[in-house]
Amino acid sequence: MAEPPAELAAPGRQHGTERRPLPAPADLTARRLPDAAPDLPSTEDETALTSLTRTSEAAVADALAPVLDVEASLAALKRGLPPQPVAPLRRDGDRLRFVGAATRRIARGLNLDEIVLGLCRATVPTFSDTILIYLRDPLPVGDERPTGPLVLRLRRTDHAPAEQDVVGTFVPLANPEPTDLPAVTTQLCEVRPDGALAKVLRGVRPAFADTPAARAALSELLGEDSTLTVPPGQHAILAPLRGRRRVIGAALFLRRPDRPAFETDDLLVAAQLATHSALGIDKAVQYGREAYIADELQRTMLPETLPRPTGVRLASRYLPAAETARVGGDWYDAIPLPGSRVALVVGDVMGHSMTSAAIMGQLRTTAQTLAGLDLPPQEVLHHLDEQAQRLGTDRMATCLYAVYDPVAHRITIANAGHPPPVLLHLGGRAEVLRVPPGAPIGVGGVDFEAVELDAPAGATLLLYTDGLVESRLRDVWTGIEQLREKLAATAQLTGADHPPPLEALCDEVLDMLGPGDRDDDIALLAARFDGIAPSDVAFWHLDPEDAAPGRARQLARHTLPRWGLEELTDSLELLVSELVTNAVRYATRPVTLRLLRTDVLRCEVSDDVPQLPRLRQARATDEGGRGLYLVNRLARRWGATRLSTGKVVWFELNQP
C-alpha cells in the first residue's frame, strides 16, 4: 500500500511503514493543543497534524461508505452519459483517488488566486456543496512576523448549482458557480485572541460544526448579523489553513441538509486539502513577493528615457518574461560620450531571480562609469569581466558594447558572448554583423576583440537579448535568421529610400514572437544613424601659445557665415576665447577646436590636461575665475568630460 503524500507530513517528520489505526471520533475532538497564539509554531501542532495524515489506506477503507469512481464518472460526463456507481469493494481506491486528484488540482496553481480557485473547483460539488475560504489580511510573507490583530478576509466562495442533485458523497458534476454568499456574510473578521474562533484555529484539526465550540467559532467567523444558515448535524466542517509557520486562514465546507452528512473520515480529507492549500499559498505568496521585488528592481535600473545624442535616433523596448520564468537580468543603455559620440550597450545576466536583477544593476552602473572614462569597447568589457568576478565566481553575463561616431560615420563593437547585432541598410538589406563572439563576462582570463565597421547614414542597428531569438521551440541561430528576414520584410513596406519609423520597427520586431517564445525577458535597443555631414563640421588644431585665443576667435567668426549663423558671432567668439584661453594655459600639446552644426551650434575644445574645470563664484578682487561663469550664463548647455588623453569642454548655443 502506498502512503499518503509526503508533503502532508509535519516538517521534519517521516512516515513510518507500519499500519496505524484510524483515530476514534472522540479522539478527534478531545485532543486539544495548548492555548498558544496561532502565530507561534508548535511541535505539538505538527504532531496533531501528523496524526491526521499518517493514516494508511487500509484504515481509511474500513470506514468508507459507497461512493462513485471520480475519474470514470468524469469520463462518462464528457461522453454525455450519467456517472455510474462502482462496487463497494473499490470504495477505498475511490476516496484516495479523489484526494490525489484534488491535491493535483490545487498544486497546479502558480499564484494565490489559482491555488484558491483550485481548492474550490476540487471540492465543489464533489466533496461539498458550498465552500468559503478566508485568508489573513494581509498575508504574512516568509519569516515576516505579523503586527496587529489577526484579521480574516473572505477570499472566495463557490457553490454547486441548486438544480443539480447528488447521489453519493463524491460525485463529479458541472463546474461550480460563484455565490452571493458575500452578501449574506461578513467580509472581514477580526479574531479575538480569547474567542472561540481562535481556539479552533489553534487546534489545527478540522472540526464538525455540531459542537458548541465550533458553533461559536462559526458565529464569530460569519458575523453576528449573517443570514447564512449552517445546516444542522455534521453538514459543515471548519478547517484551519496552517502554513509552514502560522495559521493563514480557514476553509468552511458545507453540505445541503438533503445530502448525506460528512463522516469522520471526511475530516481526514479536509485536513489533507487544507494542508496542501495552505502550504501552496505560503509558497505562492513568498514567490510572488520575491518576483515583484525583482521585477521592480530591474525596471528601476533600466533607463526611464533615452538620451537624444547628435546624429542618432534611439528607440527601445523591454518585455518581462512569461509567468514561467518571470524576471531576468536583461538591460540596455545609451550613454552620450565626448565628441558627439554615443555608447550603445545591451546585456543579459544569466539566471531568473532577484539576484540576477541586482547583478544587472551593478554591471550597468559599472558600464556607465567606464563609458565616462572614454575607454575603448574592448577595455570596457575587460573591466566588466573583472567586476563580475569580484561579485562572485558564478556571476556571468553576456554583453555587447558599441560606440558610434556620427562625424566619422563609423561604429566600433566589442562582444562578450552576446548574440550579434543586425544592421538594416537604407535600401532594405538586413545583415548580421560579423563580430567576434568572445566569452561571457565573468569567465575571466579572456581577451576581448573590437571591430570597426561602417555606419552609413539611414542605416538602423538593432541590439537585442537572446530572449528575442531563442526559446524552447527554436534555437538561437534560427531565431536570428527570422529576425533578419523580419527586418528586411518590414523595410520593404516603406520603400528603398525611406527607412521604417523607428518605434514602429521595434513593434514589428516584437510581433515575431509566438505563443511559446516568451521563455526569457527581452531587451531591445534600436539606433538610427543620421550622422553629421562633413559640411556641418569645422575642425582645427591650435598650438598652445598666447596667440591661440585670437586665432580661435577668427576661425569661428569666418565659419558662421557659411552656415548662416552670423547672429551668433559675438556670443561664440566670447565663449570660444574663454575656453581656449583656459586650455592653452596648462596644455603641453596642440589644442583641438571643433564646431558642429546640427539643431544647435556645438563647440568642443580638447586638450591633454585631465583636470576638469569647475564653476565657482569669483570674488571682486580676483583677476580670473569668470570664464566658466560667462559660459554658464550665455550657453544653452555646457559640460566637461575626461578623456583617456585629457579632457574636452563643450557648450551649445541655440540657433536663431
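Two stretches call for caution. Over residues 1-71 the pLDDT is below 50, and the model gives this stretch 132 contacts beyond near neighbours in sequence. The pLDDT also stays under 50 over residues 164-183, where the model has 57 contacts beyond four places in sequence. Where pLDDT is low, the predicted coordinates should not be read in detail.

The next topic is a pair of helices. Two packed helices are described by the angle between their axes and the distance between the axes. Helix 12 spans residues 476-494 and helix 13 spans residues 502-510; their axes come within 10 Å and cross at roughly 140°. An angle of this value makes helix 12 oblique to helix 13. The crossing of the two helices is right-handed. On the side of helix 12, the contact is made by L483, K486, L487 and T490, and on the side of helix 13 by L505, E508 and V509.

The discussion now turns to a sheet. Strands of a sheet pair through backbone hydrogen bonds, either parallel or antiparallel. Here 5 strands form an open sheet with antiparallel pairing, in the order 18-19-20-22-21. Strand 18 (537-542) and strand 21 (637-643) stand at the edges with a single partner strand each, so one side of each has no neighbour in the sheet. Neighbouring strands of this sheet are turned against each other by 15° on average, direction ignored.

One pairing may be followed in detail. Strand 19 (residues 591-597) and strand 20 (residues 600-607) run antiparallel and are joined by 6 bridges. The bridge partner of L596 is R602, in strand 20.

Helices also accompany these strands. Helix 14, residues 548-563, lies across strand 18, strand 19 and strand 20, and runs at about 165° to strand 18. Helix 15, residues 569-586, packs on the sheet and touches strand 18, strand 19, strand 20 and strand 22 (646-654). The direction of helix 15 makes about 170° with that of strand 22.

Terms used:
Residues numbered from 1 in each chain as written. Predicted model: local features only at pLDDT ≥ 70, side-chain atom pairs only at ≥ 80, totals over all residues. Heavy atoms only, no water. Axes fitted to C-alpha atoms, helices over the stretch in contact; angles between N-to-C directions. Helix = DSSP H or I, 4+ residues; strand = E, 2+ residues; numbered from the N terminus. Parallel < 35°, antiparallel > 145°, perpendicular 65-115°, else oblique. Left-handed = near helix turned anticlockwise from the far one by under 90°. Contact = heavy atoms within 4.5 Å. pLDDT = per-residue confidence, 0-100. Pairing = 2+ DSSP bridges.
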